[in-house]
Each structure stands twice: as C-alpha cells, then as structure tokens.
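Here is a friendly walk through one model, written for someone who likes to check geometry for themselves. Keep the viewer open and follow along.

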Amino acid sequence: MSILEVKNLKKNFGSLEVLKGIDFSLEKGEALAMIGASGSGKTTLLKAVCGELPHGGHVVLEGLELAGLRAKELAKRVSYIPQQSGISISMSVLDAVLMGFYSKLGLLSQPSADMRRDAYHALKQVGMAELAERDYLTLSGGEKQLVIFARTLVEGTKLLLFDEPDSSLDLGNKYRMVQRIRELVCGNPMKTALICLHDPVLALTCCDTLMLLKDGQLIRILRPETDSIKDMELAFTEIYGPVNLLEIPDPQAPDHRRLILLPTL
C-alpha cells in the first residue's frame, strides 16, 4: 500500500522549468534512491516534497495533502535531512539531537528526562554517544551528518527525506549510513524513505528502488532485485553514458543481488 503519492509535481524558477510533471509513489517500508547527474532536479524535488518550496501538482502522505500544512504539523510527519544541517550556534551534540523533539513540545516546554534518554540512545545507535557533550560546531562534516541522522531517529516521522546523506562521509561510513537508513525503514510499516544519492553504486547496493532523473524528468524507475541487467544498463547509459552492470556474489547475503556499475572504456 502506498504511503506517499506524488502526482504531476512541477517547479519553475522564473522561466526555467526545473521539475516537469513528476509522478511516483512510495510504499510502506520502502527505501527509494533518487539518482541523476548534477542539475537533474534531485534536491529541488526533495524540497518540494517536504514543503520547503512551493510547487505545482500534489504531494499526498497517507491521504493528506502536505502543501499548506503548518510547519509544526509538517514536522510531525516528514523529516528532511539536507546536506548542511543549518545549525550555526554553539550547542552540545545531545542538544542538537533533542531538536528532533521540538514539534512535540509546547512553546516554553523543555525536553523531558525520557526524551534526553532517547536522544542519547539515538547517538549510541550512530556511534556518537561518547561525543554527547561536545560542541556540535567543532565536529567534522561526517560527524555532523551522523548527529543529524540521530536527530532523525528521535523525530519518529513516517516519511524520511535525505539529501546526499553520504556527502561528507568516508567510504566505509557512507555505506554504513545508507545501510542504517535501510535498516530503519525496510519492512517497517511506519516508515518510508526517499534518498537523494550521488553515487549510483551505493544506490544499487542499499536501496529497494531507484528513480532516475534527467533534466527535471523522471526517465525510469528500476528495481535492482528483479529488473534485467540489460534494461538497467540502458537506463544508466541515458544518464552517465555507456556503462556495464556486473553481478557479483555476496557471501554475506547469497540471496541478495549485488551489482556494480562500471563505465565502458
């Protein structure tokens, strides 16, 4: 059953048409990766879906049109995780995670002891608990990404939107990050995720479904577990030029189809 329906989504900046009538849906428990070359409209689409940008068309979450919702009501339903957190004032790492509870607090209310415990547990889940009292602004870019992911864990929203969550992480941590997102969402009837990724190999490895964008248009939706190698190669070639898609064995998950994308030399 679809939890999110996006219909005829359009966005113009002046005379420039950035999104050109995009239609897709997300199922409960599904992690969908959105990939495409720079300038294809990926970040604009995320910002439109989360309500940060006005747009044409419809974004419907569990039957509710998201456009026009008040910020606090939207924050109870949708988490948007940009490439940069936007936090520019000194605060502890734990306080940065506690910001995830603000949509549930009254105007002058403070986080409860239970909330602080849950925030610490979220930091532990992402391997950042030992830095709980550190000033957030002193962290590296990758560490900040992990803290913001911990904040997402405590928000408890149904729709998670990630804009290149791997952008500041090293090779090992970028795979761990996307795998954590997948573990959070996969098979969970209360969660679904749309993840903008720059790396198509990472998307093939970690996501159920791939949505390919080019020049503001949705050109293909791929399902790596079931689609043919040939069909997927043709779709990737339309974005990246000639490529080869190779299937390799995965000893840790023999039932999982592991694919590697290589440029044709």
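Which side chains meet in a salt bridge of 3.4 Å, N to O? They are those of arginine 117 and aspartate 118. Please keep in mind that this is a predicted model.

**Salt bridges**

The structure holds 7 salt bridges, and the table lists some of them.

| Side chains | N to O distance |
|---|---|
| Glutamate 73 and lysine 76 | 3.3 Å |
| Aspartate 114 and arginine 117 | 2.8 Å |
| Arginine 117 and aspartate 118 | 3.4 Å |

Helix H4, residues 113-125, holds both aspartate 114 and arginine 117, which sit 3 residues apart, or about one turn of the helix. Aspartate 114 is partly exposed, at a relative accessible area of 45%. Aspartate 118 is partly exposed as well, with 34% relative accessibility. Elsewhere, salt bridges with shared partners tie Glu73, Lys76 and Arg77 into one network.

Let us turn to a helix whose geometry can be checked by hand. Helix H8 has 12 residues, 229-240; at 1.5 Å a residue it should span 16 Å, and the 16 Å between its end C-alpha atoms agrees with that. Which residues of H8 are buried? They are Met232, Glu233, Ala235, Phe236 and Ile239. Viewed down the axis of H8, these buried residues fall within an arc of 165 degrees, so they line one face of the helix. On the face turned away from that buried side, H8 carries the exposed residues Lys230 and Leu234.

The cover over the buried residues of H8 includes helix H7 (200-206) together with strands S3 (31-35), S9 (209-214), S10 (217-222), S11 (243-248) and S12 (258-263). After H8 comes glycine 241, with a positive phi near 85 degrees.

**Two residues from the covering elements**

Helix H7, part of that cover, contains cysteine 206. Is cysteine 206 buried or exposed? Its relative accessible area is 1%, so cysteine 206 counts as buried. Leaving aside residues up to four places away in sequence, cysteine 206 touches Tyr175, Val178, Gln179 and Arg182. One of these, valine 178, is 28 residues away along the chain, yet its C-alpha atom and that of cysteine 206 are separated by 6.5 Å.

Strand S12, also part of the cover, contains leucine 262. Leucine 262 is partly exposed, with a relative accessible area of 37%. Together with Leu246 and Ile248, Leu262 makes a nonpolar surface patch of about 220 Å².

**Positive phi away from glycine**

With 41% relative accessibility, glutamate 62 counts as partly exposed.

Technical notes:
Residues numbered from 1 in each chain as written. Predicted model: local features only at pLDDT ≥ 70, side-chain atom pairs only at ≥ 80, totals over all residues. Heavy atoms only, no water. Helix = DSSP H or I, 4+ residues; strand = E, 2+ residues; numbered from the N terminus. Expected span 1.5 Å × (residues − 1). Buried < 20%, exposed > 50% of the residue type's maximum accessible area, 1.4 Å probe, protein only. Arc of directions from axis to C-beta. Contact = heavy atoms within 4.5 Å. Patch = residues over 30% accessible without salt bridge, like charges linked within 9 Å, V, L, I, M, F, W, Y side chains within 5 Å. Areas by Shrake-Rupley, 256 points an atom, 1.4 Å probe, with all protein chains shown as cover. Salt bridge = Lys/Arg side-chain N within 4 Å of Asp/Glu carboxyl O.
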